[in-house]
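This briefing collects selected features of one structure, grouped by topic. Please read it with the sequence and the 3D view open.

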Amino acid sequence: MADHLLEVRNLSVTFHTVRGPVHAVRNVSWHLDRGEVLAILGESGSGKSVSASAIMDLIDCPPGQITSGELLFEGRDLLKMGREERRDINGKRIAMIFQDPLSHLNPVYTVGWQIEETMVIHGTPRARARAETLALLAKVGIPNPGQSAHKYPHQFSGGQRQRLMIAMALALRPDILIADEPTTALDVTVQAQILDLLEKLQAETGMGLLLITHDLGVVAEVADRVVVMNGGEIVEQGSAAQVYANPQHPYTARLIAAAPGKGEMPPDRAPAPPLLAVSGLCKRYGEFTALEGADFALAEGETLAIVGESGSGKSTLAKCLLRLDEPTGGQALYKGADLFRLSPKDLFRMRRDIQMVFQDPTQSLNPRMSVYDLISEAWVIHPEILPRAQWKARAAGLLAQVGLLPEHMHRYAHQFSGGQRQRIAIARALALEPRVIICDEAVSALDVSIQAQVIELLADLRRRFGLSYIFIAHDLPVVRDFADRVIVMQGGRIVEQGSVRQIFDAPRETYTKNLLAASLDPDPAVQAARREARHAAKVPA
Amino acid sequence: MRKFLTRRAVASAVSLLVLIVMVFFLSRLTGDPTQLYLPVDASLEARENFRNLHGLNDPLIVQFGRYVGDLLTLDFGDSIRKSRPALDVVIEAFKWTLTLALITMVLVSFAAIVFGALAAFNVGGVFDRIATFFSLIGASAPDFWIAIVAIVLFSVNLGWLPTSGTGTLWHWILPIAVLFIRPFGLILQVVRGSMITALSSPYVKTARAKGVRPRPVIFVHALRNGMLPVITVIGDQAAGMLNGAVVVESIFGFPGVGKLMIDSILQRDFAVVLAAIMVTAFAIFLMNILIDIAYAVLDPRIRY
Amino acid sequence: MADIAPVTPAEKGRLRSVLAMLWADKPAFVAAIFLCVVLVCALIGPALLDAVATKQNLRGRNAPPFDLSKGWLLILGGDALGRPLLARIIVAAQNTIAIAAGAVVASMIVGSALGLVAGYSRGRWAQIIPRLADVIMSFPSLLLAVIVLYMLEPSAANIILVLAITRIPVYLRTTRAEVLEVRERMFVQAARVMGASDARIVFRHILPVVLPTLLTIATLDFAFVMLAESSLSFLGIGIQAPEVTWGLMVAQGRPYLTSAWWLSFWPGLAIILTTLSLNLLSNWLRVALDPQQRWRLEMGGRKNG
């Protein structure tokens, strides 16, 4: 059965760490054919990228070691080839693109040079490589190829950088393209464009595309077949539609169940007096307007989502409300006082009421403080909350409330997993007994199953303490499940606001519609239908 | 770029001014200048004449104005020892120091970068261990001690190389070798650390996925990124060599600025001391600008 | 699934875990022991051996090393006046270490304080202070030290002052750069959201993050300052006899190089070993004080211990 373009047989890879050997993947087997899209789906730590690294000879030995298996490319085992021969295949027959193109492009060379290099090292004369580079740039949709070739990676936007990576990978028309989380760091509309581009190029060249992702939506959109990995093993594989509709393994079923955006949307709430009323909020940095004329209100116990792509001003808005940044104009009435004109003393008191949970808990928790120090700092700063004698007990209580154990108190943040860290951050915010919590992309950095748990925790706290949330996110399905009302922002302005049902079922503005259309549904059937509709719309034009 | 150069020039002008004020007031307030300029056994009459001649009886502020005025016309006074303009004496010596520093720094940079990069490519390997060991020892060695041990060994016991002075190419070997050791150790350490970071960076992964061979991966992809912190240390070391070759120069009787300084201090040739400081400060100023330009050349993200 | 408590050992006693981490890095362990010995010599050496070290002994003039017939004190030989070199090196440790320590502590305190202000405040000082570092950096430092010490008298205090001033920019720039970065980190923002005062943010959140870098630099700088002081003393404008430092001892042995190499060799070796130890310890500190890297030493220690 050597007919497959690429076949991985019984691959096992071990990494030797000081904590002992770690089996990154065990007995993994899959195959990829010409013209096919295979997705490897898994959460962080599942080993989904390891087989790709093995194929590209990117596993350093030591610490990594391929303990068993074969990597058959056109029937020949890559592992039995010499270094030199494998380098000839890399970039020419099999190419790879990565997540986070900014750090994967060399910052000190022009993008033109980097694309040329792929061709030059595989024997294309420099002059021809130069000409082809320009053609490639045009093909992947980079404006002004002649000038762009002389620019450096930092001078491009995130989506353009991924296009550059694609141009570099496809320079020699490889038989296989491996894409490792190619759209994870991108906005949804940009993600849609990149996936579209990949699909188009694949149709053109007939290459096999191996897509490594954590996102069920991406799988639904592009994959023919899917391999689901968990804990270094393949738990299930099959056609994308079949695996989604009828998952065989409990892990797959759980993963699909955890995908947000399928639940019942909350009913519209009866109008309530606002707890926080913002009007005319603007923020300028010199010439640049980050935020303009934002008006909205937050009611007691309500969850208000603010969605938008990068640069839409949603984080600036949070920073202004918290006075981490001074707004240029406008007012925000909270309990009758304008947040933007508080005296230092009143501002200090207000800090207790409005708290924040940040995107990346790794960075928002001081690495040199124990969990107890992190939580009790609230009471050091605001001693009137709690007498010192009760700190230990309350900290233990808060940890229990967020689903951790009291004995975790003496550990440091780096000893916890991502989801646990975010729980600690939430416990810290709760220590001040706030009325409002602003969550700035608080679940974006987490795996889907962890994300669902943290959202569940936030919802639970809302029920128990009547908290109000301002929930900033770029991920629409999460918002759909969790929020009561939604504000859509673009370029520093609020383009639309309304209840979740209004926004998701009957969006009025084009931008909102585009945003919803670009957002991927985990169900391949739904995505297929949408694609159909898109193509149908395109053809007459 | 112009704004940056202006800022740099202003900072340097300020520091030169501070330097001038410091040197002036230190030399005037810590004692009678006649004691500084004239031999210890000069007569009272000679001292009085000296005072009148140089206007030392005028108010301090007048003296300071005159002093600065002279400096602006590049008049540092005459060397008592050599009866020539002090600036000429210093510039002559500076040429020697500059040559010595230049040769040494080129050798050091090249050797440290190549060995450091190779050590980083094979962390924990035999070559890495040897390179790390020797660089640590090199970075810890006092140059004056190395110099005299080298003289005893190579000049006195083995008789291979001249002990001091200039004249033949052989005379350059020991000073360069001794000056080489410490910067080599220090720079190698920085190159190694910085290259380890660069070699584990994502863009190196991309290069390997493209099929780039190991040598270009190290020397084309990683090295240019890893050079930025290295440039800073090279600059520091070069600056140290421009003014700090004092010890090595005086041990090897090498006629550079360092030796001139010490000799002038011992022989109370104060005008030369002052001129030497000014010239060195100016050279360091120029070098710092070169370093900043090197940054911008190496890293397109840096624009002034 | 991944949301289960990781198994991490309970925190051991602080001192014990530090020692275990030190043991994991053998060269650093040896270096630390050597530095302790030097420190003990510096602290109690002069009190114990001052009389021996200054007693001239014509029969021991330039006595060769490794000759036990004249007593164990002359094991490293005697100097030009017959004073035992071993005793003199031990006594000289005090001045050598004290001057270097004084300069390092002074420059670190002043430099990092200025750096904190320059990095944290957004006012005028944030502009002015970095320029100060530029000014000092553009001085030819060793030449300057030479001339200042020539015009002032070369006492220990003046040497410390001169060396400290030339080293201030190192701490100032590092601290400022780190503070500028740490100030924007999310945990600092989180503290501000909680209402923490500036003092609390600086001392509780920023300083602990910056301090390891400063300590690492200080260890390295200690070696640098020691070498600089030795150079000055060697040139005759540092510490003056009858006070003694290792650098001065090397200088005093120089006229006898051809006949009695050991006069300069041993004090030079003392300098090398001390600076080498400081370098090794500094490398270890860099790993040990970094929470993300510390596990290397913690795990290594258990395996070996």
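Two residues are in contact when heavy atoms of theirs lie within 4.5 Å. The model is predicted. By that contact criterion, and leaving aside neighbours within four places in sequence, A:Asp353 touches A:Tyr334, A:Lys335, A:Pro434, A:Arg435 and A:Val436.

- A:Asp353 belongs to helix α13 of chain A, which covers residues 344-353.
- The residue counts as buried because its relative accessibility is 15%, and the cut-off for buried is under 20%.
- The side chain of A:Asp353 makes a polar contact of 2.9 Å with the side chain of A:Lys335.

- Helix α4 of chain A (residues 111-121) is mostly covered, with eight of its eleven residues buried.
- The buried residues of α4(A) are A:Val111, A:Gly112, A:Gln114, A:Ile115, A:Glu116, A:Glu117, A:Thr118 and A:Met119.
- Just after α4(A) comes A:Gly123, with a positive phi of about 105°.
- A salt bridge connects A:Glu116 with A:Arg130, with 3.5 Å between the closest N and O atoms.
- A:Arg130 sits in helix α5 (residues 126-139) of chain A and A:Glu116 in helix α4 of chain A, so the pair ties together parts that are 14 residues apart in sequence.
- A:Glu116 is buried at a relative accessible area of 7%, whereas A:Arg130 is partly exposed at 48% relative accessibility.

**Other salt bridges**

- Over all chains, the structure holds 45 salt bridges.
- Side chains of opposite charge can pair when their charged atoms come close.
- One of the salt bridges joins the side chains of A:Arg34 and A:Glu74, at 3.7 Å from N to O.
- A:Arg34 is in the loop between β2 (20-32) and β3 (37-41) of chain A, and A:Glu74 is in the loop between β4 (64-73) and β5 (76-77) of chain A, so this pair ties together parts that are 40 residues apart in sequence.
- A:Arg34 is partly exposed, with a relative accessible area of 49%, and A:Glu74 is also partly exposed, at 41% relative accessibility.
- A:Arg485 pairs with A:Glu302 in a salt bridge whose closest N and O atoms are 2.7 Å apart.
- Here the pair ties together parts that are 183 residues apart in sequence, because A:Arg485 lies in strand β19 (residues 485-490) of chain A and A:Glu302 in the loop between β12 (288-299) and β13 (303-307) of chain A.
- A:Arg485 is partly exposed at 21% relative accessibility, while A:Glu302 is buried, with a relative accessible area of 5%.
- A:Arg34, A:Glu74, A:Arg93 and A:Asp175 are joined into one network by salt bridges that share partners.

**Contact between chains B and C**

- Chain B contributes 43 residues to the contact and chain C contributes 39 residues.
- About 3,800 Å² is buried between chain B and chain C, and carbon and sulfur atoms give 79% of that area.
- On the chain B side, B:Ser140, B:Phe144 and B:Trp145 lose the most area to chain C, together 17% of what that side buries.
- Between chain B and chain C there are zero salt bridges, but five residue pairs are in polar contact.
- Several helices of chain B each supply at least two residues to the side that touches chain C, among them α1 (2-29), α8 (170-199) and α13 (270-298).
- α1(B) gives the largest share of that side, nine residues.

**Nonpolar surface of chain C**

- A nonpolar surface patch is formed by C:Leu39, C:Val40, C:Leu43, C:Ile44 and C:Leu48, with about 510 Å² of accessible area together.
- C:Leu43, in helix α2 (residues 26-54) of chain C, counts as exposed at 62% relative accessibility.

Definitions and conventions
Residues numbered from 1 in each chain as written. Chains lettered and ligands numbered in written order. Predicted model: local features only at pLDDT ≥ 70, side-chain atom pairs only at ≥ 80, totals over all residues. Heavy atoms only, no water. Patch = residues over 30% accessible without salt bridge, like charges linked within 9 Å, V, L, I, M, F, W, Y side chains within 5 Å. Areas by Shrake-Rupley, 256 points an atom, 1.4 Å probe, with all protein chains shown as cover. Salt bridge = Lys/Arg side-chain N within 4 Å of Asp/Glu carboxyl O. Helix = DSSP H or I, 4+ residues; strand = E, 2+ residues; numbered from the N terminus. Buried < 20%, exposed > 50% of the residue type's maximum accessible area, 1.4 Å probe, protein only. Polar contact = N/O pair within 3.5 Å; in protein donor to acceptor, adjacent residues only side chain to side chain. Buried area = accessible area lost by both parts, 1.4 Å probe.
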